[in-house]
Amino acid sequence: MMRIAVDAMGGDDAPRTVVHGAVAAAREDGLALTLVGARAMLEDELARFPEVDSLSIAILDAPDVVGMDEPAVAVRRRPRASVRVAAEAVAAGEAAALFTAGHSGAAVMAAYAAFGLLDGIERPAIAATIPTRDGAAILVDAGASVSCRPQHLLVFARLGAAYASAMLGIDRPRVGLLSNGEEAAKGTPLVRGAHARIAETRLHFIGNLDASELFTGAADVIVCDGFTGNVVLKTSEGLVEAIDALMADEMARSVTAQVGAVLTRGALRRFRARLDYSEYGGAPLLGLRHVCVIGHGRSSPKAIATGVRLTARFARERLVTRLEDGLRETGALRVSTSHGHAE
């Protein structure tokens, strides 16, 4: 049975929330899981579930953890950190894929070191799913690579397009480059340089995407550097929480508003679901030789369960192989890591 390695110490409320979500995924989907973390703590959490003996859940002891407030490089100094041990278990063939809701920077470094990169890829990229008026779009990179060159954004565009095509079933996904205007001359030197490179490929490149069009559905794949992508995600999350709080405040102001809230309850519930990160579970780290999915640090048990299921799906449906096929179809260049330019 395909086994998924779960970094049980990753997340703001780990290991309790992670274990609860993992048990739900194992129970409801019949998944085989290896929980990686401090054995005694994990055994205590699993003891809360009388059905655990009937589930295929193993423990891999990893007594250390990289805290959310620590620099990502801390993972290099901690060989027994849970995310590092989990990544090494996947690389050794003891599990098919990795899920973590812990420190995203540490996850990127651990997975990169253990898995290695696909041919033609110099930097991995996080592909986050964001809601749009037409359904969903892929934002890449959402935080793996902060300091980038134009060539890196070209690679992110190829990875994002391959992912959207292979796993979301989008034929010739529209690729947009996030900028402060639609004109090709707009943007930073990084954006302008990336625009010129992406325009020369066989990708369905629609040019620059103004930030105001981010959620309109104008593009299937939205390309940016990791710093910009991470800021976009966190700003969007904050906006959603603010809108939710403002709506609650307004509905409490009068009886009329409360009656209106009752009448529109179904629509409001669907609205929140479309913006709820727990519905997606996590974002894959693209460009590596094995599957790694990174969840939100504040993930609830529901979000953890969804993320573990997503990880299992990517492993089962051969995400890495399909990405390689997609990269070949779009003429991906082989990138020299020693010289930093396309060969």
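These notebook entries record what I looked up in a predicted model of one protein.

**Entry 1: Overall make-up**

I began with the secondary structure, which comes to 11 helices and 13 strands. I then looked up burial: of the 343 residues in the protein, 51% are buried. The protein exposes about 15600 Å², and carbon and sulfur atoms supply 53% of that area. I also examined contacts between residues at least 6 apart in sequence; 72% of these join residues at least 24 apart.

**Entry 2: The nonpolar core**

I turned next to the interior. In soluble globular proteins, nonpolar side chains tend to be buried together. In this model, the largest nonpolar core has 111 residues. Leu35, Tyr163, Ile222 and Val223 have the most contacts inside this core. Which helix gives the core its largest share? I found that helix H5, residues 150–168, supplies 12 residues, the largest share.

Leaving aside neighbours within four places in sequence, I listed its contacts as Val140, Leu153, Phe156, Ala157, Val175, Gly176, Leu177 and Leu178.

**Entry 3: Two residues in one loop**

I then examined the loop between strand E6 (135–140) and H5, where serine 145 lies. Valine 146 is found in the loop between E6 and H5 as well. Is serine 145 buried or exposed? Its relative accessibility is 5%, and buried means under 20%, so serine 145 counts as buried. Apart from neighbours within four places in sequence, serine 145 is in contact with Arg123, Pro124, Phe156, Asp225, Gly226 and Phe227.

For valine 146 I noted a relative accessibility of 51%. This value is over 50%, so valine 146 counts as exposed. I also found that Val146 belongs to a nonpolar patch on the surface, together with Phe227 and Val231. The accessible area of these three residues together is about 280 Å².

**Entry 4: Salt bridges**

My last search concerned charged side chains. Side chains of opposite charge can pair when their charged atoms come close. How many salt bridges does the structure hold? I recorded 16 salt bridges.

I looked up arginine 27 in particular. Its side chain meets that of glutamate 28 in a salt bridge, at 3.7 Å from N to O. Glutamate 28 is exposed, with a relative accessible area of 51%, whereas arginine 27 is partly exposed at 40%.

Arginine 27 also meets glutamate 51 in a salt bridge, at 2.6 Å from N to O. Why does this pair tie together parts that are 24 residues apart in sequence? The reason is that arginine 27 lies in helix H1 (residues 16–29), while glutamate 51 lies in the loop between helix H2 (39–46) and strand E3 (57–61). Glutamate 51 counts as partly exposed, at 23% relative accessibility.

I recorded a further pair, glutamate 45 and arginine 48, whose closest N and O atoms are 3.1 Å apart. Glutamate 45 is buried, with a relative accessible area of 9%. Arginine 48 is partly exposed, with a relative accessible area of 45%.

Note on methods:
Residues are numbered from 1 along each chain as its sequence is written. This is a predicted model: local features need pLDDT of at least 70, side-chain atom pairs count only at pLDDT 80 or more; totals for chains, interfaces and linings use all residues. Side-chain values use heavy atoms; hydrogens and water are left out. A nonpolar core is a set of buried Ala, Val, Leu, Ile, Met, Phe, Trp, Tyr and Cys residues joined through side-chain atoms within 4.5 Å. Buried means under 20% relative accessible area, exposed over 50%, partly exposed in between (1.4 Å probe, protein chains only). Helices (H or I, at least four residues) and strands (E, at least two) are DSSP runs, numbered from the N terminus. Contact means heavy atoms within 4.5 Å. Patches are made of residues with over 30% relative accessible area and no salt bridge: like charges are joined within 9 Å, nonpolar side chains (Val, Leu, Ile, Met, Phe, Trp, Tyr) within 5 Å. Accessible areas come from the Shrake-Rupley method with a 1.4 Å probe; for residues, only the protein chains shown count as cover. A salt bridge is a side-chain nitrogen of Lys or Arg within 4 Å of a carboxyl oxygen of Asp or Glu.
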